[in-house]
Amino acid sequence: MRIVSGIQPTSQLHIGNYLGAIKQWIPLQENNECVFFIADLHAITTPYDPKNLQNAIKETVIAYISAGLNPEKAIIFVQSQIKEHTELGWLLNTICPIGELERMTQYKDKSKKFKANINAGLLDYPVLQTADVLLYKGQAVPVGKDQEQHIELMRTLSRKFNQKFGQTFSEPASMILKEGSKIMSLTDPKKKMSKSDDPKSCIFLFDEPEVITKKILSAQTDSGKDVIYNVTKKPGISNLLTIYSLLTGKTTQQLEDEFRDKGYGDFKKSLALVVVNYLEPFRRKQKELATREVYIQEILKQGHSRALTIAQETIKEVKEKMGLV
Ligand code: TYM
């Protein structure tokens with residue numbers, strides 16, 4: 001199966017990106033053709049500093065590898081280096097009803113958050129995202145829950161294209177985990193953990209042990225003192241239980257039993273230890289890769305060349321079908 005997914009290089013990756021997306025990618029590499037890219041063309045739709053972008057891209061590649069992606073298996077590259085993404089994005093624009101874009105939750109949220117910069121790219125973002133997947137004839141897209149609506153649009157546009165121009169694309173399925181697809185903010189557990197919020201609300205993959213511990217110990221919890229999983233009544237503790245469960249393989253029920261006579265304090269201390277230990281090999285690998293500039297460039301070069309072959313083939317077919325060649 002052809003699997004496609006990507007992450008924006010907007011800041012460091014956090015544990016939500018890992019548990020919702022990357023953790024799924026790792027086993028998929030074994031028996032599928034995986035295309036995992038750095039979505040830099042998406043990242044420029046919200047305010048950013050051009051001087052930092054190349055570094056952020058490099059850090060995201062390092063994060064991919066440190067978290068377990070295997071460049072010998074998965075195709076890893078930078079989106080903007082393959083101009084066929086924007087080309088297919090434009091072609092798909094011509095069949096995308098604008099109403100579909102205006103109702104997107106992420107567009108509405110980002111328009112509120114970045115009021116001074118509601119640009120056309122922000123609205124058109126899901127069409128480019130559709131192009132990202134259809135360009136590689138992706139059949140499945142492993143992501144967090146916040147991307148579900150965008151993947152629905154991929155199916156709509158794929159169907160429309162096929163109807164208008166003849167069978168070309170399959171309809172990509174979303175791969176969204178039952179647990180972990182929406183990790184919440186540590187400082188406001190009613191909101192999802194987000195790269196663009198306060199750093200205290202996120203555990204970044206490469207946070208130092210003391211920082212992780214401090215963030216977890218000061219994470220917002222709920223009234224009462226029992227460690228019980230109840231998303232409505234105890235959103236803070238439930239979010240921490242979810243993280244604990246996903247990193248250890250213990251069920252939330254087992255964790256409730258384990259911490260039955262203990263308070264939030266003991267639970268948080270134990271969770272801090274779990275997170276610190278889980279991320280230790282990631283930090284080690286990241287430090288090693290930070291000094292291997294040539295190796296990182298080589299990964300991107302190889303990924304680019306493998307991706308380009310597929311992308312050019314698809315664009316040729318699409319342009320022929322649309323009467324452009
Ligand atoms: P981005 O960069 O916002 O997030 C990257 C991935 O992490 C997931 N995610 C989360 N999962 C669980 N809990 C959270 N709190 C959390 N926050 C983020 C996201 O769902 C995503 O899987 N539009 C995409 C990037 C993209 C893309 C694509 C993805 C561009 N083209 C094509 C798939 C296919 C985005 O902004 O992800």
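Q: How far apart do the C-alpha centres of domain 1 and domain 2 lie?
A: This is a predicted model, where local features need pLDDT of at least 70, side-chain atom pairs count only at pLDDT 80 or more, and totals for chains, interfaces and linings use all residues. Residues are numbered from 1 along each chain as its sequence is written, and side-chain values use heavy atoms, leaving out hydrogens and water. The chain splits into domain 1 (2-181 + 293-321) and domain 2 (206-287), with bounds from an automatic or database domain assignment. Their C-alpha centres are separated by 31 Å.

Q: How many residues of domain 2 are in contact with domain 1?
A: Contact means heavy atoms within 4.5 Å. Eleven residues of domain 1 take part, and on the domain 2 side the number is eleven.

Q: Are H3 and H13 roughly parallel or roughly perpendicular to each other?
A: Helices here are DSSP runs (H or I, at least four residues), numbered from the N terminus. The axes, lines fitted to C-alpha atoms over the stretch in contact, have angles from 0 to 180 degrees between N-to-C directions. For H3 (residues 50-66) and H13 (residues 293-321), the axes come within 11 Å and cross at roughly 85 degrees. Angles of 65 to 115 degrees count as roughly perpendicular, so H3 and H13 are roughly perpendicular.

Q: Which residues in H13 do Lys58, Val61, Ile62 and Ile65 in H3 meet?
A: Look at where the two helices touch. Those four H3 residues meet Glu293, Ile296, Ile299 and Leu300.

Definitions and conventions:
Angles under 35 degrees count as roughly parallel, over 145 as roughly antiparallel, 65 to 115 as roughly perpendicular and the rest as oblique.
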